[in-house]
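Could you take a look at this one with me? I've jotted down a few things to check as you turn the model around.

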Amino acid sequence: MGLDLYVGPLTRYHLGNWQTIMQQIGAQNGYDVRIVRANEDEEAETDPAVVHNAVREWQHWLGEALGSPAAWLESPSQPYWTDKPDWDGFGAVILLAAYDERPDLRPAAGARQDSPREFGDAPAYQAASEQPQRYVTLLAGVEWWLPLTEDPVVIEAPRPTGQPTRMASIDRLAAELRLLNERANVLAGHDPAELRGAAPGAGASLEETARFGLAVMLDLVETAIEHRQPLLMDY
(Lines give C-alpha, C1' and ligand atoms only; values in the text may rest on other atoms or scores of the structure.)
Protein backbone atom coordinates (compact mmCIF):
# COMPACT_ATOMS: atom_id res chain seq x y z
CA MET A 1 0.00 0.00 0.00
CA GLY A 2 1.62 3.25 -1.15
CA LEU A 3 1.61 6.70 0.42
CA ASP A 4 0.36 9.83 -1.31
CA LEU A 5 0.03 13.35 0.04
CA TYR A 6 -3.04 15.45 -0.72
CA VAL A 7 -3.42 19.20 -0.38
CA GLY A 8 -6.88 20.66 -0.86
CA PRO A 9 -10.40 20.89 0.56
CA LEU A 10 -11.62 18.10 2.82
CA THR A 11 -14.93 18.15 0.97
CA ARG A 12 -13.29 17.12 -2.27
CA TYR A 13 -11.11 14.57 -0.50
CA HIS A 14 -14.03 12.84 1.20
CA LEU A 15 -16.02 12.81 -2.02
CA GLY A 16 -13.15 10.97 -3.70
CA ASN A 17 -13.18 13.63 -6.43
CA TRP A 18 -9.44 13.65 -6.94
CA GLN A 19 -6.75 11.50 -8.50
CA THR A 20 -3.38 10.40 -7.17
CA ILE A 21 -0.30 10.97 -9.30
CA MET A 22 -0.43 7.34 -10.47
CA GLN A 23 -4.07 7.70 -11.44
CA GLN A 24 -3.28 10.87 -13.37
CA ILE A 25 -0.45 9.13 -15.23
CA GLY A 26 -2.75 6.21 -15.99
CA ALA A 27 -5.46 8.49 -17.36
CA GLN A 28 -2.92 10.27 -19.58
CA ASN A 29 -1.80 6.92 -20.98
CA GLY A 30 -5.23 5.36 -21.43
CA TYR A 31 -5.41 2.91 -18.52
CA ASP A 32 -7.11 2.85 -15.14
CA VAL A 33 -5.25 2.70 -11.83
CA ARG A 34 -7.26 1.34 -8.93
CA ILE A 35 -6.26 2.57 -5.48
CA VAL A 36 -6.90 0.33 -2.47
CA ARG A 37 -6.85 2.24 0.81
CA ALA A 38 -6.74 1.07 4.40
CA ASN A 39 -10.15 1.23 6.11
CA GLU A 40 -11.87 2.65 3.03
CA ASP A 41 -15.61 3.16 3.46
CA GLU A 42 -17.36 1.48 0.55
CA GLU A 43 -20.64 3.22 1.42
CA ALA A 44 -19.29 6.75 1.73
CA GLU A 45 -21.63 9.69 1.12
CA THR A 46 -21.46 10.96 -2.47
CA ASP A 47 -23.77 13.99 -2.34
CA PRO A 48 -21.50 17.09 -2.53
CA ALA A 49 -23.93 19.25 -0.54
CA VAL A 50 -24.19 16.71 2.27
CA VAL A 51 -20.42 16.20 2.49
CA HIS A 52 -19.76 19.95 2.31
CA ASN A 53 -22.19 20.62 5.15
CA ALA A 54 -20.66 17.82 7.24
CA VAL A 55 -17.16 19.25 6.77
CA ARG A 56 -18.31 22.77 7.64
CA GLU A 57 -19.99 21.48 10.81
CA TRP A 58 -16.79 19.60 11.66
CA GLN A 59 -14.71 22.75 11.14
CA HIS A 60 -17.03 24.63 13.51
CA TRP A 61 -16.74 21.85 16.11
CA LEU A 62 -12.95 21.75 15.79
CA GLY A 63 -12.68 25.52 16.13
CA GLU A 64 -14.73 25.44 19.32
CA ALA A 65 -12.68 22.56 20.71
CA LEU A 66 -9.42 24.42 19.99
CA GLY A 67 -10.72 27.80 21.09
CA SER A 68 -9.67 29.38 17.80
CA PRO A 69 -11.12 29.38 14.26
CA ALA A 70 -10.69 26.43 11.92
CA ALA A 71 -12.30 28.23 9.04
CA TRP A 72 -10.28 27.62 5.88
CA LEU A 73 -12.17 27.77 2.59
CA GLU A 74 -14.08 24.59 1.73
CA SER A 75 -15.97 23.55 -1.40
CA PRO A 76 -16.27 20.48 -3.64
CA SER A 77 -14.85 22.33 -6.64
CA GLN A 78 -11.72 23.99 -5.26
CA PRO A 79 -8.40 22.86 -6.77
CA TYR A 80 -6.22 20.25 -5.13
CA TRP A 81 -2.55 19.24 -5.37
CA THR A 82 -0.95 15.87 -4.81
CA ASP A 83 2.33 13.99 -5.06
CA LYS A 84 3.78 10.67 -3.97
CA PRO A 85 6.77 10.48 -1.64
CA ASP A 86 5.67 6.90 -0.93
CA TRP A 87 6.73 5.25 2.31
CA ASP A 88 10.39 5.25 1.25
CA GLY A 89 10.64 9.02 0.79
CA PHE A 90 8.45 9.84 3.79
CA GLY A 91 10.14 7.28 6.01
CA ALA A 92 13.61 8.52 5.08
CA VAL A 93 12.65 12.03 6.21
CA ILE A 94 11.26 10.63 9.47
CA LEU A 95 14.48 8.67 10.07
CA LEU A 96 16.66 11.74 9.53
CA ALA A 97 14.52 13.63 12.05
CA ALA A 98 14.83 10.75 14.52
CA TYR A 99 18.62 10.59 14.04
CA ASP A 100 18.88 14.34 14.62
CA GLU A 101 16.97 13.90 17.90
CA ARG A 102 18.90 10.76 18.90
CA PRO A 103 22.24 10.62 17.05
CA ASP A 104 23.45 8.02 19.54
CA LEU A 105 20.97 5.52 18.06
CA ARG A 106 21.87 6.00 14.41
CA PRO A 107 23.34 2.77 12.97
CA ALA A 108 27.09 2.96 12.41
CA ALA A 109 28.54 2.71 8.91
CA GLY A 110 28.80 -0.94 7.97
CA ALA A 111 26.11 -1.99 10.43
CA ARG A 112 22.62 -3.01 9.39
CA GLN A 113 20.76 0.15 8.42
CA ASP A 114 17.18 1.05 9.31
CA SER A 115 14.61 0.69 6.53
CA PRO A 116 12.71 3.90 5.67
CA ARG A 117 9.59 1.84 4.95
CA GLU A 118 9.81 0.37 8.45
CA PHE A 119 10.89 3.52 10.26
CA GLY A 120 8.64 2.62 13.18
CA ASP A 121 10.99 -0.26 14.04
CA ALA A 122 14.10 1.93 14.22
CA PRO A 123 15.45 2.36 17.78
CA ALA A 124 16.11 6.06 17.11
CA TYR A 125 12.51 6.63 16.06
CA GLN A 126 11.09 4.69 18.98
CA ALA A 127 13.20 6.68 21.45
CA ALA A 128 12.76 10.09 19.80
CA SER A 129 9.01 9.73 19.34
CA GLU A 130 8.50 9.31 23.09
CA GLN A 131 9.51 12.92 23.74
CA PRO A 132 10.48 14.75 20.54
CA GLN A 133 12.11 18.14 20.98
CA ARG A 134 12.62 19.56 17.47
CA TYR A 135 10.30 17.54 15.24
CA VAL A 136 7.16 17.10 17.27
CA THR A 137 4.65 16.54 14.48
CA LEU A 138 7.00 14.49 12.30
CA LEU A 139 7.72 12.06 15.12
CA ALA A 140 4.32 11.97 16.86
CA GLY A 141 2.36 10.10 14.20
CA VAL A 142 0.51 13.12 12.80
CA GLU A 143 -1.36 12.39 9.55
CA TRP A 144 -3.35 15.62 9.01
CA TRP A 145 -1.78 19.10 9.04
CA LEU A 146 -4.35 21.89 9.03
CA PRO A 147 -4.19 25.65 8.24
CA LEU A 148 -5.03 26.73 11.77
CA THR A 149 -4.79 30.24 13.18
CA GLU A 150 -3.33 28.95 16.46
CA ASP A 151 -0.79 26.16 16.94
CA PRO A 152 -2.19 23.33 19.10
CA VAL A 153 1.09 21.37 18.74
CA VAL A 154 -0.47 17.88 18.34
CA ILE A 155 -4.07 16.89 18.91
CA GLU A 156 -6.01 13.68 18.40
CA ALA A 157 -9.48 14.29 17.05
CA PRO A 158 -12.06 12.49 14.93
CA ARG A 159 -12.11 13.25 11.22
CA PRO A 160 -15.46 14.31 9.72
CA THR A 161 -15.94 10.55 9.12
CA GLY A 162 -15.28 9.79 12.79
CA GLN A 163 -11.88 8.10 12.45
CA PRO A 164 -9.50 9.21 15.25
CA THR A 165 -6.48 10.95 13.73
CA ARG A 166 -3.50 12.90 15.03
CA MET A 167 -3.50 16.43 13.66
CA ALA A 168 -1.31 19.52 13.84
CA SER A 169 -0.68 22.88 12.20
CA ILE A 170 0.64 23.05 8.64
CA ASP A 171 2.83 25.96 9.72
CA ARG A 172 4.51 23.83 12.38
CA LEU A 173 5.21 21.09 9.82
CA ALA A 174 6.80 23.67 7.52
CA ALA A 175 9.03 24.89 10.35
CA GLU A 176 10.10 21.34 11.21
CA LEU A 177 10.94 20.42 7.61
CA ARG A 178 12.93 23.62 7.11
CA LEU A 179 14.82 23.01 10.35
CA LEU A 180 15.63 19.44 9.30
CA ASN A 181 16.88 20.65 5.93
CA GLU A 182 19.06 23.25 7.64
CA ARG A 183 20.49 20.93 10.29
CA ALA A 184 21.00 17.86 8.08
CA ASN A 185 21.94 19.72 4.88
CA VAL A 186 19.48 17.55 2.97
CA LEU A 187 18.90 19.65 -0.15
CA ALA A 188 22.18 21.56 -0.27
CA GLY A 189 23.49 21.73 -3.84
CA HIS A 190 20.40 20.10 -5.34
CA ASP A 191 17.46 21.45 -7.35
CA PRO A 192 14.26 20.42 -5.51
CA ALA A 193 12.26 20.43 -8.76
CA GLU A 194 14.67 17.94 -10.31
CA LEU A 195 14.62 15.79 -7.18
CA ARG A 196 10.82 15.60 -7.27
CA GLY A 197 10.92 14.40 -10.87
CA ALA A 198 12.21 10.91 -10.15
CA ALA A 199 12.10 8.73 -7.06
CA PRO A 200 15.41 7.03 -6.18
CA GLY A 201 15.71 3.44 -7.28
CA ALA A 202 16.42 0.31 -5.29
CA GLY A 203 19.70 0.51 -3.44
CA ALA A 204 19.61 4.29 -3.01
CA SER A 205 21.15 5.61 0.19
CA LEU A 206 19.07 7.03 3.03
CA GLU A 207 20.32 10.52 2.15
CA GLU A 208 19.31 10.17 -1.52
CA THR A 209 15.87 8.88 -0.57
CA ALA A 210 15.42 11.63 2.03
CA ARG A 211 16.30 14.31 -0.54
CA PHE A 212 13.48 13.09 -2.75
CA GLY A 213 11.03 12.80 0.15
CA LEU A 214 11.87 16.20 1.59
CA ALA A 215 11.64 17.90 -1.82
CA VAL A 216 8.16 16.43 -2.34
CA MET A 217 6.98 17.27 1.17
CA LEU A 218 8.32 20.84 1.21
CA ASP A 219 6.72 21.60 -2.15
CA LEU A 220 3.29 20.47 -0.97
CA VAL A 221 3.68 22.13 2.43
CA GLU A 222 4.46 25.45 0.75
CA THR A 223 1.43 24.99 -1.51
CA ALA A 224 -0.78 24.24 1.49
CA ILE A 225 0.45 27.38 3.27
CA GLU A 226 0.02 29.57 0.19
CA HIS A 227 -3.57 28.44 -0.35
CA ARG A 228 -4.39 27.83 3.34
CA GLN A 229 -5.53 24.27 2.76
CA PRO A 230 -5.05 21.00 4.69
CA LEU A 231 -2.30 18.50 3.89
CA LEU A 232 -3.28 14.86 4.41
CA MET A 233 -1.53 11.51 4.26
CA ASP A 234 -3.45 9.14 1.99
CA TYR A 235 -2.79 5.40 2.06
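This is a predicted model: local features need pLDDT of at least 70, side-chain atom pairs count only at pLDDT 80 or more; totals for chains, interfaces and linings use all residues.

Below are some notes on strand pairing, a hairpin and a pair of helices.

1. Start with strand S5, residues 164-169. On one side of the pairing list is S3 (residues 144-146), which runs parallel to S5 and is joined to it by three bridges.

2. What sits between S4 and S5? Their hairpin has five residues between the strands. Have a look at Gly162 there, which takes a positive phi near 100 degrees.

3. Now for helix H9, which covers residues 206-227 and so counts 22 residues by the DSSP run. From first C-alpha to last, H9 reaches 31 Å, close to the 32 Å expected at 1.5 Å a residue. Just after H9 comes Arg228, with a positive phi of about 50 degrees.

4. How does H7 (residues 170-184) pack with H9? The angle is about 145 degrees and the axes are 10 Å apart. Their crossing is left-handed.

5. For the contact itself, H7 brings Ile170, Asp171, Leu173, Ala174, Leu177, Arg178 and Asn181. These meet Leu214, Met217, Leu218, Val221, Glu222, Ala224 and Ile225 of H9. By type, the contact residues are 10 nonpolar, one polar and three charged.

Definitions and conventions
Residues are numbered from 1 along each chain as its sequence is written. Side-chain values use heavy atoms; hydrogens and water are left out. Two strands pair if DSSP finds at least two bridges between them. Helices (H or I, at least four residues) and strands (E, at least two) are DSSP runs, numbered from the N terminus. The expected span of a helix is 1.5 Å times one less than its number of residues. Axes are lines fitted to C-alpha atoms, for helices over the stretch in contact, and angles run from 0 to 180 degrees between N-to-C directions. A crossing is left-handed if the near helix is turned anticlockwise from the far one by less than a right angle, and right-handed if clockwise. Contact means heavy atoms within 4.5 Å. Ala, Val, Leu, Ile, Met, Phe, Trp, Tyr, Cys and Pro count as nonpolar, Asp, Glu, Lys and Arg as charged, and the others, Gly among them, as polar.
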